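My entries follow in the order in which I looked things up.

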Amino acid sequence: MTEQHTPSFADMALAPAIYKVIDEVGYETPSPIQAQSIPPLLAGRDLLGQAQTGTGKTAAFSLPLLSRLDAKKKYPQILVLTPTRELALQVSEAMQTYARHLKGFQVLPVYGGQNMVQQLRQLQRGVQAVVGTPGRIQDHLRRGTLKLDRISCVVVDEADEMLKMGFIDDVEQILEHTPENKQTALFSATMPREVLTVARRHLKDPVEIRIKTKTSTVETISQWYWQVKGLHKLDALTRILEAEEIDAMIVFTRTKIATVELAEKLVARGFSSAALNGDLTQALREKTIERLKKGSLDIVVATDVAARGLDVKRISHVVNYDIPYDTEAYVHRIGRTGRAGREGKAILFVAPRERRMLNAIEQATRQPIKPMSLPSRKAITDRRIGLFKEQIAEVMEAEDLEFFEELVDSYQDEYDVGFRRVAAALAYLVQKDRPLQPEENSEPVMEEHPAAKPRGRRPSTDADKRRYRIEVGLMHKVEPKHIVGAITNEVQLSSSAIGAIKIFHDFSLVDLPGQLPPEILRHLQNVWVCGQQLKISVDAGPAAARQDSNAKRRTSGKGGGSQRFKPGGKKPPVNRRGK
């Protein structure tokens with residue numbers, strides 16, 4: 001099947017509620033396994049699919065089966081068997097996402113090591129889909145707590161792994177408890193004889209699909225991954241941009257919305273960036289690519305489809321900001337660099353639960369992906385100093401400096417100060433809002449405080465400041481450094497302009513300049529901190545804050561300790577790059 005003949009999701013007869021999710025998450029075109037699996041599964045056919053891990057199988061069976069499901073019926077209709085707990089959780093979470101607009105839908109992951117009482121309670125309440133490992137499914141069958149007599153479809157995922165782990169007989173025994181007229185789909189990366197025997201015994205006239213994964217990668221591309229941890233991905237990307245020798249970069253996200261949001265945040269941090277997605281007109285797409293080629297644009301944030309066929313030789317780095325859905329997409333992504341024999345670097349951001357996909361990519365490409373450490377404070381300092389020296393050299397070469405030379409001579413004669421001292425003062429003035437040297441401890445330190453109920457008296461505020469309320473607090477694990485960092489990075493406000501911060505259980509108070517422009521307040525409304533939007537508003541006063549906090553504590557049963565902090569020092573540096 002050639003690329004131009006690949007059907008779109010719109011060509012398939014999926015349920016409206018499923019189409020709504022596809023649009024929301026920004027899926028643009030189906031992967032090969034999805035394009036070939038969805039139509040026959042929608043038609044009720046059995047299916048035998050051979051495809052590697054990481055080719056998009058979960059969506060390939062979830063989207064059509066959820067489209068056929070009756071969410072009004074509160075009993076198991078879909079059963080998915082997986083070899084591991086991790087895969088059961090992954091499939092369960094994906095199905096819950098795809099079914100978010102199916103009112104009343106519930107999916108239950110069932111695996112060993114989980115509290116049995118919790119599983120029993122969920123089963124009694126009623127679920128439409130069960131995703132589990134063979135051992136725990138059989139345990140429920142023996143107890144009589146799981147009934148499979150009304151199952152309409154069974155999916156056996158990674159059957160060859162089931163065989164390797166000794167579960168294949170368990171799978172057959174479970175299938176014996178399901179109705180004769182059910183629909184069955186079996187997926188396997190390889191097709192050993194034992195798996196084919198199970199398929200022949202339980203699948204009726206199946207549609208057979210084989211997906212050959214293209215795994216060739218360019219030898220001139222070095223591949224690295226960063227384990228997503230404490231630092232936010234945007235902050236990690238900023239560090240990389242500041243410390244690496246980058247000519248041009250393409251950053252991949254999963255959705256069209258994310259391309260716009262990330263591009264705007266990078267521009268706010270001083271980088272030359274633009275979004276590239278399927279919503280752009282052809283003329284605007286071509287203009288964006290032309291700017292990238294000519295060097296008036298350094299970073300493009302793109303989706304897989306929008307970057308298809310993109311060939312710009314100066315792209316030195318590819319960043320997988322969101323891990324791809326399948327290994328083939330990864331290969332296509334990193335192929336945007338290392339062109340014409342030039343060296344390229346590919347960086348993959350990996351959350352702990354995404355390690356499975358990282359392993360799948362390494363197996364499919366037969367190349368190791370090395371762990372990377374984020375640039376150190378010294379590396380960032382060295383990079384900023386290098387750029388500063390380049391600016392000095394460019395000004396000395398291109399500008400007429402006679403007037404300024406006379407000014408320096410005059411100052412030196414009048415105050416008897418050496419050239420070195422004057423030059424140092426001028427350099428400080430130039431960089432003080434964007435320091436060349438990150439502060440030794442750029443993260444603010446909280447004052448010690450008793451974890452007690454905050455008193456009604458408000459801390460004093462500066463005359464030129466106003467108190468604002470933000471909807472993030474101790475329950476969200478927020479710290480003053482998170483609030484300071486978010487505000488200073490998003491609206492270019494110096495940390496010295498931020499007054500006292502007081503953190504309560506479910507909200508915080510922060511003193512900001514009293515004359516903040518409306519556009520800044522509107523922007524801060526939508527800024528995310530610790531998984532919560534700030535939703536900033538003028539504080540209504542201590543009585544209102546105390547009443548709201550007490551009400552929240554009554555419903556949550558939690559205490560209302562607070563944390564106070566008075567930040568000092570300079571604004572965190574923002575590197576402004578541009579050609």
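**Aromatic rings**

I began with Trp226, Tyr321 and Phe349, which form one aromatic cluster; rings of Phe, Tyr and Trp (its six-membered ring) are taken to pair if their centres lie within 6.5 Å, with planes under 30 degrees apart counted as stacked, over 60 as edge-to-face and the rest as tilted. I note that this is a predicted model, in which local features need pLDDT of at least 70 and side-chain atom pairs count only at pLDDT 80 or more, while totals for chains, interfaces and linings use all residues. Residues are numbered from 1 along each chain as its sequence is written, and side-chain values use heavy atoms, with hydrogens and water left out.

Searching the whole structure, I found six aromatic pairs. One of them is the tilted pair of Phe61 and Phe187, with 5.9 Å centre to centre and 40° between the planes. Phe61 belongs to helix H3 (residues 57-68) and Phe187 to strand E6 (residues 183-188), so this pair ties together parts that are 126 residues apart in sequence; helices (H or I, at least four residues) and strands (E, at least two) are DSSP runs, numbered from the N terminus. Phe61 counts as buried because its relative accessibility is 0%, and Phe187 counts as buried at 0% as well, where buried means under 20% relative accessible area, exposed over 50% and partly exposed in between (1.4 Å probe, protein chains only).

I then looked up Phe504 and Phe507, a stacked pair with 4.6 Å centre to centre and 5° between the planes. Phe504 is buried with a relative accessible area of 7%, and Phe507 is buried with 0%.

**Charges over rings**

I recorded Arg150 over the face of Tyr75, at 3.8 Å from the ring centre, and the charged end of Lys345 over the ring of Trp224, 5.2 Å from its centre. A charge sits over a ring if NZ of Lys or CZ of Arg is within 6 Å of the ring centre and within 35 degrees of the ring normal.

**Strand E12**

How many residues of strand E12 (residues 315-320) are buried? Six of the six are, so the strand is largely enclosed by the rest of the structure. Strand E9 (residues 248-252) pairs with E12 in the parallel sense over five bridges, and two strands pair if DSSP finds at least two bridges between them. Ile250 has Val318 in E12 as its bridge partner. Strand E13 (residues 344-350) runs parallel to E12 and is joined to E12 by four bridges, with Ile347 in E13 as the bridge partner of Val319.
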